[in-house]
Amino acid sequence: VTSEEQSYTVSASCDMDITLYSPLGASNAPLVILSHGFARGPSNMSGWAEHFASWGVPVATPKLCHASPFDSDHAANGVELTVLREQLGASEVIYAGHSAGGLAAVLAGAQDPTTLGVIGLDVTDADNLAMQQAGTLSAPLFGIAGEPSNCNSSGNATGIYNRAAEGVGFRVTEADHCDFESPTDGLCTAFCNGSNDQFSDAEIQSALLGLLTAAVIEAADLDDGAVHWWNNGGSFYDELSTSGIISPL
């Protein structure tokens, strides 16, 4: 995997800095645009991005212009992500994101006809924007949520997966909001750290990594990974479900 810092003007108020992660060698896979959460940054998505790129999928991690206490505009984030896709010259895209970045991903996917899939990582909603737009998605919507807490607005976006025409979502038992970052840091864990009475952090991270990777390669049409991880009867799904580490939303 190689990485490169770039910047694009995506609106009159936003010059968007991104890191583009590319697999070594030629790749015909669609682009993944992977967005960070509120008051966070692209570095908190770098681990996921490097991993997905190692599977042959290019990944852009943008710095959202309207995801801070000083400038919060979720609708604008969604529009600007679609402009970023155009600027990058991608003919097909998978939008993914954590927390408010997941909300931006849903909004972008709902308005971009090149969308192949949307993947939510402990998404939070605001003003029911994600709930309203999830039903208009023409692409599959995959999602994983943690335990309800103040950090994920008490899990207020979990209903979007049932609202989407092709939606599937799981809760990962004892996963906290910080578990969906890679890497996270002390600023997150100081406020959003959860318990590990049943499952270790390593077990939670293993489940997240498998589910997210399968969703990416399924949406990118590189493999039928979702069958094994996301479908009842799939070998990994059955193992995770039987252990109790995942449950349907």
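Residues are numbered from 1 along each chain as its sequence is written, and side-chain values use heavy atoms, with hydrogens and water left out. Because the model is predicted, local features need pLDDT of at least 70 and side-chain atom pairs count only at pLDDT 80 or more, while totals for chains, interfaces and linings use all residues.

**View 1. R40, E181 and D185 form a network of salt bridges.**
A salt bridge is defined here as a side-chain nitrogen of Lys or Arg within 4 Å of a carboxyl oxygen of Asp or Glu. Over the whole structure, the search finds 3 salt bridges. In one of them, the side chains of R40 and E181 meet at 2.7 Å, N to O. This pair links distant parts of the chain, 141 residues apart: R40 lies in the loop between β3 (31–35) and α1 (46–54), and E181 in the loop between β10 (167–172) and α6 (186–192). Helices (H or I, at least four residues) and strands (E, at least two) are DSSP runs, numbered from the N terminus. R40 also meets the side chain of D185 in a salt bridge, at 2.8 Å from N to O. Here too the pair links distant parts of the chain, since D185 is in the loop between β10 and α6 and R40 in the loop between β3 and α1, 145 residues apart.

Relative accessible area is sorted into buried (under 20%), exposed (over 50%) and partly exposed (in between), with a 1.4 Å probe and protein chains only. R40 counts as buried because its relative accessibility is 16%. E181 is buried as well, with a relative accessible area of 4%. D185, at 31% relative accessibility, counts as partly exposed.

**View 2. R85 and D112 form a salt bridge.**
The closest N and O atoms of R85 and D112 are 3.1 Å apart. R85 belongs to helix α2 (residues 74–87) and D112 to the loop between α3 (100–111) and β8 (115–121), so the pair links distant parts of the chain, 27 residues apart. R85 is buried, with a relative accessible area of 12%, and D112 is buried at 4%.

**View 3. Strands β1 and β2 run antiparallel.**
Strands are taken to pair if DSSP finds at least two bridges between them. Strand β1 (residues 2–11) is joined to strand β2 (residues 14–22) by 9 bridges. A hairpin of 2 residues connects β1 to β2. T2 stands opposite S22 in β2. In a regular strand the side chains alternate between the two faces of the sheet.

**View 4. C14 and C65 are joined by a disulfide.**
A disulfide is a pair of cysteine sulfur atoms within 2.5 Å. The whole structure contains 3 disulfides. The sulfur atoms of C14 and C65 are 2.0 Å apart, and the link is right-handed, with 70° about the S-S bond. The pair links distant parts of the chain, 51 residues apart, with C14 in strand β2 and C65 in the loop between β4 (59–62) and β5 (67–68). C14 is buried, with a relative accessible area of 1%, whereas C65 counts as partly exposed at 21% relative accessibility.

**View 5. C151 and C192 are joined by a disulfide.**
The sulfur atoms of C151 and C192 are 2.0 Å apart. The torsion about their S-S bond is about -90°, and the disulfide is therefore left-handed. The pair links distant parts of the chain: C151 lies in the loop between β9 (141–145) and α5 (160–163), and C192 in helix α6, 41 residues apart. At 14% relative accessibility, C192 counts as buried.

**View 6. C178 and C188 are joined by a disulfide.**
The distance from S to S in this disulfide is 2.1 Å. Because the torsion about the S-S bond of C178 and C188 is about -100°, the disulfide is left-handed. C178 is in the loop between β10 and α6 and C188 is in helix α6, so the pair ties together parts that are 10 residues apart in sequence. Both C178 and C188 are buried. With the bonded cysteines of the chain numbered in sequence order, the pairing reads 1-2, 3-6, 4-5.
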